[in-house]
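Welcome, and please open the model in your viewer. We will go from one selection to the next and look at what is there.

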Amino acid sequence: MMPPTQSKGALPMRRVPGIDMPISAIGAGCWTIGGPATNGRIPIGWDDADPAAALDGLRCAYEHGVRLFDTADVYGMGQSERLLGILLAEISRHEAIVSSKVGYFAGRGTHPYDPAQMREQFHRSLERLGTDYLDIYFLHSSDFGPQDVRLAEAVQVISDLRRQGLIRAVGLRAPHDFAVEWANQDLGKASRQAARFMHLFTAVQPDVLTVRHNLLSYEYADDETDVFAFARRRGVGVLTKQALAQGILLDTHDPDQPRSFSAYDHRSADPAFRQPLLRAVRDGLARARQSVNADPSLFVGAAIGYALQRADAAVLVGFRNAAQIRASIEAAAQPIDAGDIQLVHRSLRPARAILHADLHARRHAPADHPPITLRRAP
């Protein structure tokens with residue numbers, strides 16, 4: 001059994017509503033270690049994943065205090081769960097908070113949320129992880145079929161699993177951009193997503209939400225109820241993800257020579273990896289570094305520090321190897337100055353304007369004019 005150790009700076013622990021034990025402020029997001037994969041014809045994986053390096057990263061995370069591990073049945077179509085299962089066999093299972101997900105893979109069923117398919121996927125997840133329960137089980141997709149025909153069935157399956165002691169908390173995804181007030185405004189897709197999420201929240205009654213949150217996230221107005229305030233008022237926990245914006249915030253993507261990704265890598269279809277946003281991020285990070293005469297470690301420190309500002313949420317970080325997860329852990333254990341975090345945040349304002357152009361245009365359209373839509377740069 002692997003003995004727990006700690007890094008020089010202690011990784012903070014937090015109480016997150018919906019989870020019945022303290023958890024590490026940093027969690028290991030295991031999407032990136034699953035490797036290349038498709039679900040049907042949709043790319044959902046990551047190129048160039050080395051299983052041995054990924055396992056080293058999982059072990060490093062545990063040795064340095066990480067106790068939260070997040071995966072899904074479709075991450076590498078089972079590969080991520082299998083790798084995490086190796087770690088779980090080496091440690092005391094009760095020390096770890098393990099979450100997985102269901103809702104994207106239909107298999108032989110008619111729909112991912114077909115009750116038989118859900119139960120099969122759940123037990124396959126347990127088998128791959130080598131455990132007899134999950135701490136959190138997320139409904140990964142918001143597609144419950146026409147007129148939500150599968151919604152009640154999915155909720156019933158989750159309730160049955162919980163009653164049987166096979167899961168301890170229920171999870172639900174929140175939209176990347178969300179404010180309660182948007183549901184009753186004319187903001188196009190953002191309004192539809194807000195109304196949809198609150199409908200699903202009422203139907204599912206989750207214990208934990210997961211949401212993307214990083215230095216490129218939308219800036220909410222003081223009179224807007226974001227997902228954190230929404231969850232806090234309802235006693236629900238939050239796990240944030242993509243703190244490093246899938247590596248974009250580390251300035252590892254050259255906008256002049258963008259990487260090419262295979263048809264098995266989700267980034268091949270993600271507009272965030274196109275030149276305009278990559279250029280804006282690189283320019284913003286360069287401005288920040290010049291202002292404080294800092295080395296590139298400023299970037300990971302600012303990204304992790306920004307994500308950790310939500311004291312009642314835990315932060316999931318992606319990694320491929322031990323060095324990457326160690327850098328995030330060290331940034332959490334030895335936080336940088338809050339002023340430097342704000343400097344980086346301000347420097348990335350042009351990048352946020354590109355990423356949220358449509359929503360920003362609609363939010364700030366004059367009251368006597370219809371909302372306009374800005375065309376996202378190709």
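Helices (H or I, at least four residues) and strands (E, at least two) are DSSP runs, numbered from the N terminus. This is a predicted model, in which local features need pLDDT of at least 70 and side-chain atom pairs count only at pLDDT 80 or more, while totals for chains, interfaces and linings use all residues. Residues are numbered from 1 along each chain as its sequence is written, and side-chain values use heavy atoms, with hydrogens and water left out.

**Stop 1: helix 5**

Select residues 189–204, which make up helix 5. Its 16 residues reach 22 Å from the first C-alpha to the last, close to the 22 Å expected at 1.5 Å a residue (the expected span is 1.5 Å times one less than the number of residues).

Which residues of helix 5 are buried? Colour A190, S191, A194, F197, L200, F201 and V204 to see them. Buried means under 20% relative accessible area, exposed over 50%, and partly exposed in between (1.4 Å probe, protein chains only). Now show what covers these buried residues: the cover includes strand 8 (136–139), helix 4 (151–163), strand 9 (170–173), strand 10 (208–212), helix 6 (227–233) and helix 12 (357–363).

Rings of Phe, Tyr and Trp (its six-membered ring) pair if their centres lie within 6.5 Å; planes under 30 degrees apart count as stacked, over 60 as edge-to-face and the rest as tilted.

**Stop 2**

The whole structure has 13 aromatic pairs. Pick Y113 and F144, whose ring centres are 4.3 Å apart with planes at 10 degrees, so this pair is stacked. Y113 sits in the loop between strand 7 and helix 3, and F144 in the loop between strand 8 and helix 4, 31 residues away. Both Y113 and F144 are buried.

For another geometry, go to W182 and Y218: the ring centres are 5.7 Å apart and the planes at 80 degrees, so the pair is edge-to-face. W182 is in the loop between strand 9 and helix 5 and Y218 in the loop between strand 10 and helix 6, so the pair ties together parts 36 residues apart in sequence. W182 and Y218 are both buried.

Next, centre on Y133. The charged end of R93 sits over its ring, 4.0 Å from the centre, and R168 lies over the face of Y133, also listed at 4.0 Å from the ring centre. Here a charge counts if NZ of Lys or CZ of Arg is within 6 Å of the ring centre and within 35 degrees of the ring normal.

**Stop 3: salt bridges**

How many salt bridges does the structure hold? There are 21, each a side-chain nitrogen of Lys or Arg within 4 Å of a carboxyl oxygen of Asp or Glu.

- Select E90 and R59, which meet at 2.5 Å, N to O. E90 lies in helix 2 (residues 79–90) and R59 in helix 1 (residues 51–63), so the pair ties together parts 31 residues apart in sequence.
- Select R150 and D114, with their closest N and O atoms 3.6 Å apart. R150 is buried, and so is D114.
- Select D312 and R232, which meet at 2.9 Å, N to O. D312 lies in the loop between helix 8 (297–307) and strand 12 (313–318) and R232 in helix 6, so the pair ties together parts 80 residues apart in sequence. D312 is partly exposed at 24% relative accessible area, and R232 is partly exposed at 47%.
- Select R108, E120 and R124 to see a network of salt bridges.

**Stop 4: the nonpolar cores**

A nonpolar core is a set of buried Ala, Val, Leu, Ile, Met, Phe, Trp, Tyr and Cys residues joined through side-chain atoms within 4.5 Å. In the largest one, of 102 residues, I26, L58, F69, L139, L209 and I304 touch the most other members. Helix 8 gives the largest share of this core, eight residues. Another core, of twelve residues, lies apart from it and includes I23, I97, I136 and A169.

**Last stop: S141**

Finish at S141, in the loop between strand 8 and helix 4. S141 is buried, at 8% relative accessible area. Leaving out residues up to four places away in sequence, S141 touches V102, G103, Y104 and Y113, where contact means heavy atoms within 4.5 Å.
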